Every structure is written in C-alpha cells, then in structure tokens.
Amino acid sequence: MRLGFQNVIFEGVPKPNVGPDEIGVEVLAYLALAPSGNIGISYSGSKFKKIQNYVKVYKLGDVLRKAFSRSYSEKVRNDKWMVAGIGNTDNGKVWFFHPAAQKFQSYLAVSPKWIFPFQEQDTTPRGWASLTLDDSNAELIQELSKILPIDSKSKLYPKEDQISRLIHLIKKQTFRPIDEIFSENKKSVLKPSVTKKGKAAVLFGFGNYARTITLPYLKPYIFLEKVHEIDSSLLINPRVSKISTNPNPEKDDFDIPVWLIAGFHHTHAQLAIKAMKNGVIPVIEKPTATTWEDYHDFLETVKKSGTPFYQCFQKRYQVYNDFLFEDLGVQLGDPINFKATVFEIPLDPYHWYNWPSSGSRIISNGCHWIDHFLFINDYPDWTDLKVFQPNSEELTIQIVLSNGAFGLISLSDTGSNRIGMREYVEFTVPGKRAYIQDSMIYVSESNNEVIRNYRTDKLAYLRKMYREIGLAITNNGKGDELITLKSTKLSLELEDLIQSQANSNSIL
C-alpha cells in the first residue's frame, strides 16, 4: 500500500485488515476533507521546554526514546483526516467516506454504511485533492466531524442528505496526480533485530508505550518476533521480522511462547484466554478485563489451563513496596489506609481510552491504584463502595476493605502535564504514615521523626516490573496468583456502580 504523510509517499506499507463488518476499497480518487482530530495524546507548549522538564525526572535514554517516538511514529499515526472519494471494491466502483484515514492511502477498510453506489454515467477522476473550507461546505464538514471512528454501538453514519451533498462536493474538486502532491518517495521495509536473546514474543498493539517502555525494558529476556497492529501508519520501517494488521491471532502465533498484549483494552482478556488455552504465556497490560463476561471467562481459563499469566499492574512493583511494611510497623494483611490523588493527562476526543468499549476511567486507568490498594492489604474482600463524579473531569472512589482499611482515590484530568501523569499517594496506620510523589519521592515518618527518605527516577518501577516478569518467564515462573484477579473484580463492581448512577441521572 502507498501512504502519504506531509510531502512523502511511503511505498510497501501493509494494507489495513478488512474486518467482517468492513469492505476493502482500492482508491481511485482521494479527497482530504479536513483533519479529523488527534487520536493520540497531544501536548501544548514548547517541545524543548517539555524535554527540559522530563530530563529532570526521567533517565536521558527514556526521554530520547519517548521524544523520537512522539515526534515521528506518533506524528504519522496522528495525522488522521476525514476523507472521501471513489474506489473499486470486489462488487464494483463506489463513493466512500472515512472519518479517520491518513492524508492519503491507496487502500482503505471501510464500513458498508460509509459506502454509496456509484452511477456509471458519472465521470471517474483520478488522484488527490484537498478541500478548501468555505461557507458553502463548512456546515457539512461540521456534521461529518461527529462521525467518530470509535468502537461503539452508537456509531453515527452519514444521513441521506449528507451523502448527496458529499458526492456533489467530490464532483466539484480538481484532482491532481498523487506524485505531484507527494514529491518524495520512500520504501518501507522490515528491519528485524540482528540479536535475538531470550524467548520469542508476539506483540499485539504497536503503540507508543509498547515501543518505548515494554519492549526496551523486557530485554534481554524477551525478543520481538512478530507484531500485530491494525493501524498501518505504525508499521513504517518496523524493527521486527513479521508484521500483521489482523487484530486476531494467526496460526504461526501459537508457535511463539509469549504474547505481549498491549492493544485496545477490550481485546486484552480474549487474547489472553486464547493464549492460555494453547499453552502460550500472556503478558497483559492493564486492564485485564473490561466486562464481566471476559472476567469470568478469564478466571475459568486460568483454573483449567494451568498456563502462567502476568498482569502489568505497575504499582505492585514500586521499589518502596520493599520497605513500606517495615517503616509502618505492620505485617502483610494488616490494614493500611490508602489515599491517592491522581492527575491524568487530558485525552483528545478520538483517543481510544474514550471509546465506550474501553470503559470509564475506573477501568482504563484507575485500576492501577485500585490494584495497589488491594495489593498492600493482601487482597481482602471489601464491605463498602462509593463513587462520586461531579463532572467529566473528576472522579472519586471510596473503598472499605474487610480488614478495616479505607481507600480514597481521586482521579482528575484538571491540572498540569509538565512532567506527564502526576500522583500523590499516602499510606497511613495509627501513629505513622508514608507518602510517595510522582513515583519518585518516598518519605515515611512517625509522630517523632522521619523514618526514611528515598528518591528514584519516575520510571524505575516500570523497569523493575518488566525485569521481574522477564526473569520469571525465563525461569519458568508460576505467574500471577489467582487472588490478584480480585482487583479486576473490584474495578468491574465500581464500574457497575458508576454506570448505575449515570443511568439514574439520565432518567432524572
């Protein structure tokens, strides 16, 4: 496939996978209507200042890797446009619309409801054009911008009058040859790693986090053999032997001993289930499951298969966990109260965390602190739950555990993203407390004195987590305990609670 970004055409980019509810379209004429919005994370302010701030709290290598990924791979991926045009399908020529494609791509996977019959008496232009917004088309573009490419049962489709106006708009354009618009040609090629140490792995989801955190930190225990990524724009010159745009496992995947599951949240559980049923070890980014059905299927598979699994709940691997109990003077299972105030980076409307299938912020990110609260209290049951959401930016969770511990978690995306996600977490018992700030600063104290001061960099716990998981897989470790799935169960109960409140409010 050919893919256009800025003034460059990349040749040899893999075609997008055509799902069961999609139609493949070979593009003849391509009209870029308007940018469709950022589907990733966007940052405001000076990039230089951002890097200056980051090097104060992250290791230099981590900053450079993240900066390169954001400035190149993510930049291409986020260059999404509402597009329309003419193309060939297996059943003939059609008009098409797509709410979030690249500035140009020669092949599209399109929903049938975004495809319209082409009358053969119509002329067939070839090439590329860009729409100039003016008063005559601004209203239509505004209407079409509401058709988000999200995984949602309430997905919107163009209405009949919008279709006719859109086709009329396409007919009015002057299309120019692709090579006149994109003056530079580059070939996309696979660049497999020369060194292959450790166990081979398949990665599902080739996003920024997997490229900059998961894969580098799993070396030398795991090497990447194959990538599944549905967004072709992330597969330009990948450093891997095999690639696929199919979101589902393929036959050769089951011959690879480890699956790294880092794609869309709603896909995690079923991929892990397929892995475990076939004796493949899944390493699962949070959340483990987004629905009760997936949770129960996962639980049943764990019990039957006996295959180890590893959940990437990062807070379990914080360095200070090693001396928290000593400083507070408690044993594992004694009640430790937990208060977390968390700032999350605001996400653009198209970001997949905002898809209905990803769940609320409880499932998508709050599960980290829910799991940590249960972890330090040795995963007891809970006796009382409350959630409060005054607006779309703020959410507060209250949890009472059966051992008497109380948890208060406040999640917000109102604040400053100067150094990324921010957190302040406090652990208290009678007469003593400890707190952490931004996963870097740890302080514990009694009524009389400071017990311990500790400082590390902001990603130390992630390096520790992947190192321990990698070592465990190498040494044929037993994986996570069944009891640790309690945090997923608790997150789903809280999700039910917040959805119930939302439904009650909508009725009122």
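## Close-up views of the predicted model

**View 1. Buried side of helix H4.** The buried residues of H4 are Gln162, Ile163, Leu166, Ile167, Leu169 and Ile170, where buried means under 20% relative accessible area, exposed over 50% and partly exposed in between (1.4 Å probe, protein chains only). They lie on the same side of H4, because the arc they cover around the axis is only 155°; this arc is that of the directions from the helix axis to the C-beta atoms. This is a predicted model, in which local features need pLDDT of at least 70, side-chain atom pairs count only at pLDDT 80 or more, and totals for chains, interfaces and linings use all residues. Residues are numbered from 1 along each chain as its sequence is written, and side-chain values use heavy atoms, with hydrogens and water left out. Helices (H or I, at least four residues) and strands (E, at least two) are DSSP runs, numbered from the N terminus. The buried residues of H4 pack against strands E3 (23-35), E4 (80-89), E5 (92-102) and E8 (115-117) and against helix H3 (138-144), with contact meaning heavy atoms within 4.5 Å. Exposed residues Glu160 and His168 sit on the face of H4 turned away from its buried side. The 12 residues of H4 (residues 160-171) should span 16 Å at 1.5 Å a residue, which agrees with the 17 Å between its end C-alpha atoms; the expected span is 1.5 Å times one less than the number of residues.

View 2. Six strands form an open sheet in the order E13-E12-E11-E14-E15-E16, with parallel pairing; two strands pair if DSSP finds at least two bridges between them. Strands E13 (242-244) and E16 (310-312) stand at the edges with a single partner strand each, so one side of each has no neighbour in the sheet. On average, neighbouring strands of this sheet are turned by 25° against each other, direction ignored. Axes are lines fitted to C-alpha atoms, for helices over the stretch in contact, and angles run from 0 to 180 degrees between N-to-C directions. Strands E11 (residues 199-204) and E14 (residues 258-261) run parallel and are joined by 4 bridges; Phe204 has Ile261 in E14 as its bridge partner. Helix H6 (residues 208-218) packs on the sheet and touches E11, E12 (222-228), E14 and E15 (281-285), its direction making about 145° with that of E14.

**View 3. Helix H7.** Of the 10 residues of H7 (residues 268-277), 7 are buried, so this helix is largely enclosed by the rest of the structure. The buried residues are His268, Ala269, Leu271, Ala272, Ile273, Ala275 and Met276. They pack against E11, E14, E15 and helix H8 (292-305). Gly279, which follows H7, has a positive phi near 75°.

**View 4. The mixed sheet.** An open sheet of 8 strands has mixed pairing and the order E18-E19-E20-E17-E21-E22-E23-E24. At its edges stand E18 (382-391) and E24 (450-455), each with a single partner strand, so one side of each is left without a neighbour in the sheet. E18 runs antiparallel to E19 (residues 394-401), with 7 bridges joining them; Asn391 has Glu394 in E19 as its bridge partner. E23 (residues 441-446) and E24 also run antiparallel, joined by 5 bridges and by a hairpin through 3 residues. Ile441 stands opposite Arg455 in E24.

**View 5. Backbone geometry in the loops.** Most residues other than glycine have a negative phi, and most peptide bonds are trans. The peptide bond joining Lys219 and Pro220 is cis, with omega about 5°, and Pro220 is in the loop between H6 and E12. Another cis bond runs from Lys286 to Pro287, with omega near -10°; Pro287 is in the loop between E15 and H8. Asn237, in the loop between E12 and E13, has a positive phi near 55° and is partly exposed at a relative accessible area of 23%. Tyr379 is in the loop between helix H10 (361-376) and E18; its phi is positive at about 55°, and Tyr379 counts as buried at 6% relative accessibility.

**View 6. Surroundings of Lys478.** Lys478 is in the loop between helices H11 (460-474) and H12 (486-507) and is exposed, with a relative accessible area of 65%. Neighbours within four places in sequence aside, Lys478 is in contact with Pro308 and Tyr310. Its side chain makes a polar contact of 2.8 Å with that of Glu481. A polar contact is a pair of N or O atoms within 3.5 Å; within protein, one must be able to donate a hydrogen and the other to accept it, and residues adjacent in sequence count only if both atoms are side-chain atoms.
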